[in-house]
Each structure stands twice: as C-alpha cells, then as structure tokens.
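Here is a report on one protein model and its ligands.

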Amino acid sequence: MIIVMSTQATQQDVDDVLERMAAEGLKPHISEGEERIVIGVVGHTYAELIDVFSAYNNVENVIPISKPFKQASREFRPIDTVIDVDGVPIGGGQELAVMAGPCAIESEDQLMRTAEVVAQQGARFLRGGAYKPRTSPYGFRGLGEEGLKLHAKARAATGLKVITEVMTPADVPLVAEYADILQIGARNMQNFNLLDEVGKIDKPVMLKRGMSATIEEWLLAAEYILKGGNHRVMLCERGIRTFEHYTRNTMDLSAIPVVKRLSHLPVIADPSHGTGKWHLIEPMAKASVACGADGLIIEVHPSPDHALSDGPQSLTFDNFRKTMEQVRQVGQAVGRKVGQPALAMA
Ligand code: PEP
Ligand code: MN
C-alpha cells in the first residue's frame with residue numbers, strides 16, 4: 001500500500017507514521033516529491049492497516065497498490081528513480097546515459113581503442129561482454145575473468161564506468177568485484193535464482209527484456225531484484241521476437257513510454273540488439289531519445305567486419321561519432337542533455 005501525506009504534513013507527522021510501521025514490522029520506502037511525501041510499503045499489509053494509517057494526522061490517503069509488480073510501480077514511488085553509478089547519475093531527466101563498446105571484449109587493443117573513442121564522443125559507460133550467451137556452442141563465449149580485468153584497465157585509463165553481463169548466480173560476486181553495472185541478459189530475464197542473487201548485492205543492475213517477455217513479466221522480473229533489497233535497477237528494451245525477419249528483433253519503442261508510465265525505474269534503449277543492423281542504430285537511437293529513454297546502449301567495434309560477435313549490428317568509430325551528433329540534436333529538441341565530445345587534443 002502507499003500512504004500519501006498531505007502537503008501540510010510536518011516531520012513529526014511523518015515520523016509518527018514511520019514509528020507505527022516499525023511497530024507493525026513493515027519496511028517503508030519514502031519518496032519525497034516537491035509537494036508531498038509518499039510512503040510505500042509492501043509485504044503483509046493487512047486491510048485493517050489501511051484504516052489504522054488513515055487515522056494518523058495529515059495522512060491524506062492510504063491506497064493499496066493495484067499492480068502485481070509492487071516496488072517497481074509508479075504508485076509505490078511516484079518520482080523517477082535516479083541511480084547513482086559511482087558518481088554518474090542515470091534517470092530522472094539527468095544527462096542521457098550513453099553506454100557504448102563492443103559486444104564482446106576480445107583483446108586489450110580492441111577494448112582500449114574503443115574505450116578511448118567512445119569516451120571522446122561523450123559516452124560515460126563502456127559496455128563489453130566477458131561472459132557471452134551464444135546461440136551456438138561454437139561461437140566465441142568471451143574471455144571470462146581476463147575480460148573483466150581488461151574492463152577495469154579501460155576504466156582506469158578513461159574514467160568510463162563499465163557494464164558487463166553476468167550469466168550465472170555463482171559468478172555474481174566476481175563480476176560485481178569488477179563491474180560498475182551488472183547486466184542481466186535477455187535470455188536470463190526470468191532466471192529467478194540469478195535475479196535473487198543480484199538482488200543481494202550493492203551494485204546497479206541493468207535488466208534486459210526477455211525476447212518474448214511481456215512488459216508485465218519484465219517488471220515482475222525487476223521486482224525480484226527490488227524485493228531482494230537492491231533498489232538500483234534499470235530496465236533495457238532490446239527488441240522482441242516477432243514474425244518479421246528483415247530485422248533481428250523488433251525494437252519495441254512503445255515499451256519505453258509504457259514502462260516510464262508504469263514504473264519509476266530508468267529505461268535504457270538498445271538499438272543494436274533491437275534491430276541487428278548497424279544502419280538502423282542511428283534512427284532507433286534518435287527515436288528512443290524522443291520516446292523518453294534515459295539512456296542508450298550501443299555496440300561499437302574498431303572493425304565490425306572482424307568482430308567475434310554481433311559485427312553486423314556494431315558501429316564503426318566514425319558511425320558512432322555521427323550517431324552521437326544526431327542524438328545530440330534530438331536531445332536538444334526534447335530537452336535532454338547529451339554528453340559532448342571532448343575537445344581534440346592540441
Ligand atoms: C549483449 O548485450 O551483447 C547481449 C547478449 O544482449 P541480449 O541479452 O539483449 O541479447
Ligand atoms: Mn551483442
């Protein structure tokens with residue numbers, strides 16, 4: 001349920017409600033809006049408690065949360081969540097979070113060159129998989145811990161924060177040691193043991209939409225992580241499977257404003273996996289920003305033709321620069337700040 005305090009509520013009024021919650025064994029989640037405070041509670045909130053809290057001073061309304069995803073819902077938290085990634089904010093109208101880099105970390109040279117270019121173009125996050133889910137067991141499955149070490153090296157050299165996928169519960173502690181954001185891939189969106197595990201850590205998590213997942217299933221998957229106590233969760237729309245074969249997936253742009261309405265969690269758009277084609281990244285990136293995405297995750301490779309995974313949907317350095325230029329223009333049109341390119345060194 002949610003407890004909406006009136007605009008006249010004093011700190012003492014709020015404290016009285018919180019004290020009663022503690023006595024009832026309930027855990028509050030406080031959202032301080034500009035005008036009023038809303039307190040969300042999940043768990044065993046018995047119907048009679050609605051009457052109990054309604055009687056408190058300056059409680060305007062006590063409403064049960066109607067959605068099955070409780071903590072992920074906007075009812076629970078009316079204001080946007082802003083995730084602090086080691087000093088870089090994501091969500092809530094902050095600068096567009098641009099995450100860019102190779103699909104898979106292949107070598108030090110490949111990662112370092114890409115990291116320098118994307119940082120120079122205004123990205124704040126470096127993506128790169130060290131553990132790769134591959135359809136074929138003969139595909140390149142990543143460098144494992146060696147890849148994580150290269151990521152840490154690239155972070156030290158460029159200041160970029162790093163995001164990488166974790167595929168199995170047993171790997172969570174190791175990946176969390178190196179990564180700034182842990183990615184849960186589309187194929188693992190409903191790996192509930194993995195969701196439980198990342199719910200226990202103190203690192204942000206990006207949850208990709210499963211390729212056949214409804215929006216409700218996706219938000220319920222996020223709920224697992226929130227329920228575990230990890231509130232730094234962002235969602236990533238990466239395309240869904242449809243009858244269309246011209247594109248690898250169908251980028252569900254409408255999911256962005258739908259989720260922004262249903263949930264307070266930041267939404268990142270992935271036009272690389274969303275389309276499978278490098279020349280569709282720029283238009284879908286621009287559309288995603290216009291639709292209200294809080295960030296973009298884009299695959300970039302020094303030589304996409306030689307990439308060990310997802311080459312056809314990876315941008316060259318030059319195409320990434322052009323895409324960023326275009327995204328900046330859309331950002332300006334919709335009032336969203338986008339990272340500027342660093343001035344060329346003299
Ligand atoms: C990836 O980010 O490289 C990836 C495997 O993504 P997804 O889980 O969306 O397919
Ligand atoms: Mn990929």
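A polar side-chain atom of E299 sits 3.4 Å from an oxygen atom of ligand 1. The model is predicted.

H273 is buried, at 8% relative accessibility. D310 is buried too, with a relative accessible area of 17%.

**Ligand 1**

There are 13 residues around ligand 1, and R127, K132, A186, R187 and R238 come nearest.

| Residue | Polar atom | Distance to an oxygen atom of ligand 1 |
|---|---|---|
| K132 | side chain | 2.8 Å |
| A186 | backbone | 2.7 Å |
| E299 | side chain | 3.4 Å |

**Helix α4**

Helix α4 covers residues 145-158, 14 residues in total. From first C-alpha to last it reaches 20 Å, close to the 20 Å expected at 1.5 Å a residue. Its buried residues are G147, L148, L150, H151 and A154. These cover an arc of only 160 degrees around the axis, which puts them on the same side of α4. An α-helix has 3.6 residues a turn, so residues three or four places apart point the same way. The face turned away from the buried side carries E146, A156 and A157, which are exposed.

What do the buried residues of α4 pack against? Their partners are α3 (108-120), β8 (125-127), β9 (161-165) and α5 (172-178). After α4 comes G159, with a positive phi near 85 degrees.

**Helix α7**

Helix α7 runs over residues 215-227 and has 13 residues. Its reach from first C-alpha to last is 18 Å, close to the 18 Å expected at 1.5 Å a residue. The buried set is I215, W218, L219, A221, A222, E223, I225 and L226. Those residues pack against α6 (192-198), β11 (205-208), β12 (233-237) and α8 (255-262). G229 follows α7, and its phi is positive, near 110 degrees.

K260 is found in helix α8, one of the elements that the buried residues of α7 pack against. Is K260 buried or exposed? At 16% relative accessibility, K260 counts as buried, because the cut-off for buried is under 20%. A polar contact of 2.6 Å joins its side chain to that of D294. Beyond neighbours within four places in sequence, K260 is in contact with R74, D80, L265, V267, G292 and D294.

S31 lies in strand β2 (residues 28-32). Its relative accessible area is 1%, so S31 is buried. Setting aside neighbours within four places in sequence, S31 is in contact with R36, I37, V38, F76, R77, P78 and I79.

Note on methods
Residues numbered from 1 in each chain as written. Chains lettered and ligands numbered in written order. Predicted model: local features only at pLDDT ≥ 70, side-chain atom pairs only at ≥ 80, totals over all residues. Heavy atoms only, no water. Buried < 20%, exposed > 50% of the residue type's maximum accessible area, 1.4 Å probe, protein only. Helix = DSSP H or I, 4+ residues; strand = E, 2+ residues; numbered from the N terminus. Expected span 1.5 Å × (residues − 1). Contact = heavy atoms within 4.5 Å. Arc of directions from axis to C-beta. Near = heavy atom within 4 Å. Polar contact = N/O pair within 3.5 Å; in protein donor to acceptor, adjacent residues only side chain to side chain.
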